[in-house]
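Please keep the sequence and the three-dimensional view at hand while reading.

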Amino acid sequence: MAGNVSTLGRRTTRINHAVTEPLWVQLSLITVALVFLALFLVVPLVAVFKEAFSKGAEVYFASLVEPDAWHAIKLTLLAAAISVPLNVIFGVSAAWAITKFRFRGKQALITLIDLPFAVSPVVAGLIYVLLFGAQGWLGPWLADNDLKIIFAVPGIVLATIFVTFPFVARELIPLMEEQGTSYEEASLTLGASGWQTFWRVTIPSIKWGLLYGIILCNARAMGEFGAVSVVSGHIRGQTNTLPLHIEILYNEYQFAASFAAASILAGLALVTLVVKSLLEWQHTRDREKAARAAAQQS
């Protein structure tokens, strides 16, 4: 037994030496990563906040409470508040169907979920214009019934949903595939109903992946520009979301106001990273606790 342990130890040592790079390689890679992050993340973020406060805090806050800016902020929040819950419902449903059932067209469904990653957001906006625009397929019917989608809030919401719906599903599908169906089958065998199994077994087991998906989906929804730009019409004070408002201010050479609005999106990005890191840390702690508890029981 001792000989086997010794042999195993020597093998582990050889493997560790085989996969460990020299110190200079490690330092070089770390330096490259830090320089890259500094140039393309830290410096731009610092520049945004520096320019936002370049004319003082009074001008900064005045730029944010100005009516057009305030309307853009509210519209951005509204689009996110509608699109994120709908994408959560779709993401959980799609992930559940793909990972728990066998059916024809499963691969086609997976491909369609990835479609917004492959299609330019501008093209997505043009698709909605083709469908719901005044000269679109449904345009005359919408006009006859006094319904407006393009150049209105519904079009903005639809475009936001389109570009963000893969995020929740794509976080959950690999996680649920890895977990399999054993827990759900055990729950059903013990007499739980389908809904009880879903809320008490499935949701707790995927809660971290679901939270990651929600965070990423919300960040993308609030920062979307291309698709929303096409369907909004850029009507100031009516259909401009925060990214569109920033573009207008910048084109009008109102740099302090544009960077003040941009600082909100930059702050959202930072909050997203912090929250995601905290969730990952908590997830790691929970897994370590579960592993220790399993080791103690064995």
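## Packing of H4 with H14

Helix H4 (residues 67–100) packs with helix H14 (residues 242–251) at an angle of about 150 degrees, their axes being 8 Å apart. Helices here are DSSP runs (H or I, at least four residues), numbered from the N terminus. Axes are lines fitted to C-alpha atoms, for helices over the stretch in contact, and angles run from 0 to 180 degrees between N-to-C directions. H4 and H14 are therefore roughly antiparallel to each other, a term used for angles over 145 degrees.

On the H4 side the contact (heavy atoms within 4.5 Å) involves Asp-68, Ala-69, Ala-72, Ile-73 and Thr-76, and on the H14 side Leu-242, Pro-243 and His-245. By class, these are 5 nonpolar, 2 polar and 1 charged residues. Ala, Val, Leu, Ile, Met, Phe, Trp, Tyr, Cys and Pro count as nonpolar, Asp, Glu, Lys and Arg as charged, and the others, Gly among them, as polar.

## Basis of the model

The model is predicted: local features need pLDDT of at least 70, side-chain atom pairs count only at pLDDT 80 or more, and totals for chains, interfaces and linings use all residues. Residues are numbered from 1 along each chain as its sequence is written, and side-chain values use heavy atoms, with hydrogens and water left out.

## A salt bridge at Asp-68

Asp-68 also joins Arg-236 in a salt bridge, with 3.2 Å from N to O. Such a bridge is a side-chain nitrogen of Lys or Arg within 4 Å of a carboxyl oxygen of Asp or Glu. The pair links distant parts of the chain, 168 residues apart: Arg-236 is in the loop between helix H13 (226–232) and H14, and Asp-68 is in helix H4. The structure holds 4 salt bridges.

## Packing of H12 with H15

The axes of helix H12 (residues 194–223) and helix H15 (residues 255–297) come within 10 Å and cross at roughly 175 degrees. That makes H12 roughly antiparallel to H15. Residues of H12 in this contact include Trp-208, Tyr-212 and Met-222, while those of H15 include Leu-265, Lys-276 and Asp-286. The contact divides into 10 nonpolar, 4 polar and 3 charged residues.

Note on methods:
Helix = DSSP H or I, 4+ residues; strand = E, 2+ residues; numbered from the N terminus. Parallel < 35°, antiparallel > 145°, perpendicular 65-115°, else oblique.
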